[in-house]
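I am opening my notebook to record what I looked up in this structure, one topic at a time, with the residues named as I go.

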Amino acid sequence: MAASNVTELIGRVSNRIGRCVNHDDILVRFVSLWIVVASVFTASWVLSYLFLPQGLLRGGNPGAATGYAGSITREFLWLFGWNVGVSLIAVGANTLRSVNTPMGYVIEVVQAPWYGAVWGTGSLAIGAGERIVPSLGVLIERSGPIEITALVAIVVATRGVMLWHQESGPRWKEEFDRVQSPSDWSLARREWMLLVGGYLLLAVACYREAVAIAQVAG
């Protein structure tokens, strides 16, 4: 009976989250997905800080594998270009929708705990390799939370770029059917605003990170 109640509770919570992240109101969608992504990021950050070996994921980020680019401008352009590429992968994933959930959402939720573990294990590509101690102050000082917010905004704004739809579960078994073409895509005014805002925020995050890297490695 207890296991049944837990399963039922998980199902209700999952359905509630699904309704919020896929809500008709773009602000509700954005805030809801941001809370989900921020929660899994924070949980991974804390748990990896407490339990995983220091430096475990160092060198695991191909976007940072080249080291310092030599100047703030070049570092910014490299970081921004890399992150725009990552965002376009997530937007492309939105062409696949399982029931109500775009695949771009899934990418952000899956990516967040890896990023949190990089912080918790001190596996950033540049620096002394020290663990980042979980605290609210760090969230304000670092560019990572801004970057995460920007990517969430981008995938939420482009939720409507669907091509293939999986109408029902089980998700690992049912096929995707072609239901739209790119000519059917359209973004509402608020979606355009969120999309542009997301890329502007991403640029800010990348510039802040470029400055921080230059201070350490320049």
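This is a predicted model: local features need pLDDT of at least 70, side-chain atom pairs count only at pLDDT 80 or more; totals for chains, interfaces and linings use all residues.

Entry 1: I then searched the whole structure for aromatic pairs and found eight. One of them joins Phe 76 and Phe 80, which are stacked, with 5.7 Å from centre to centre and 15° between the planes. Both residues belong to helix H3 (residues 72-93), where they are four residues apart, about one turn of the helix.

**Entry 2: Tyr 115 and Trp 119.** Another pair is formed by Tyr 115 and Trp 119, and I noted this one as edge-to-face, at 5.9 Å centre to centre with 75° between the planes. These two residues lie four apart in helix H4 (residues 103-120), again about one turn of the helix, and both Tyr 115 and Trp 119 are buried.

**Entry 3: a charge over a ring.** I also looked at Trp 164, and noted that the charged end of Arg 178 sits over its ring, 5.3 Å from the ring centre.

**Entry 4: the nonpolar cores.** Which residues have the most contacts inside the largest nonpolar core? The core has 19 residues, and I listed Leu 33, Phe 41, Trp 119, Val 152 and Val 156 as those with the most contacts inside it. Helix H2 (26-51), H4 and helix H6 (144-157) each supply at least two residues of this core, and H2 gives the most, with six. Leaving aside residues up to four places away in sequence, I found that Trp 119 touches several others, among them Phe 41, Trp 45, Leu 124, Ile 132 and Pro 145. A second, separate core has nine residues, including Leu 79, Val 84, Ala 203 and Ala 210.

**Entry 5: H3 against H4.** Last, I checked how the two helices H3 and H4 meet, and found that their axes come within 6 Å and cross at roughly 135°. An angle over 145 would have counted as roughly antiparallel, so I recorded H3 and H4 as oblique to each other. The contact is made by Val 86, Ile 89, Ala 90 and Ala 93 on the H3 side, and by Met 103, Gly 104, Ile 107, Glu 108 and Gln 111 on the H4 side.

Terms used. Residues are numbered from 1 along each chain as its sequence is written. Side-chain values use heavy atoms; hydrogens and water are left out. Rings of Phe, Tyr and Trp (its six-membered ring) pair if their centres lie within 6.5 Å; planes under 30 degrees apart count as stacked, over 60 as edge-to-face and the rest as tilted. Buried means under 20% relative accessible area, exposed over 50%, partly exposed in between (1.4 Å probe, protein chains only). A charge sits over a ring if NZ of Lys or CZ of Arg is within 6 Å of the ring centre and within 35 degrees of the ring normal. A nonpolar core is a set of buried Ala, Val, Leu, Ile, Met, Phe, Trp, Tyr and Cys residues joined through side-chain atoms within 4.5 Å. Contact means heavy atoms within 4.5 Å. Axes are lines fitted to C-alpha atoms, for helices over the stretch in contact, and angles run from 0 to 180 degrees between N-to-C directions. Angles under 35 degrees count as roughly parallel, over 145 as roughly antiparallel, 65 to 115 as roughly perpendicular and the rest as oblique.
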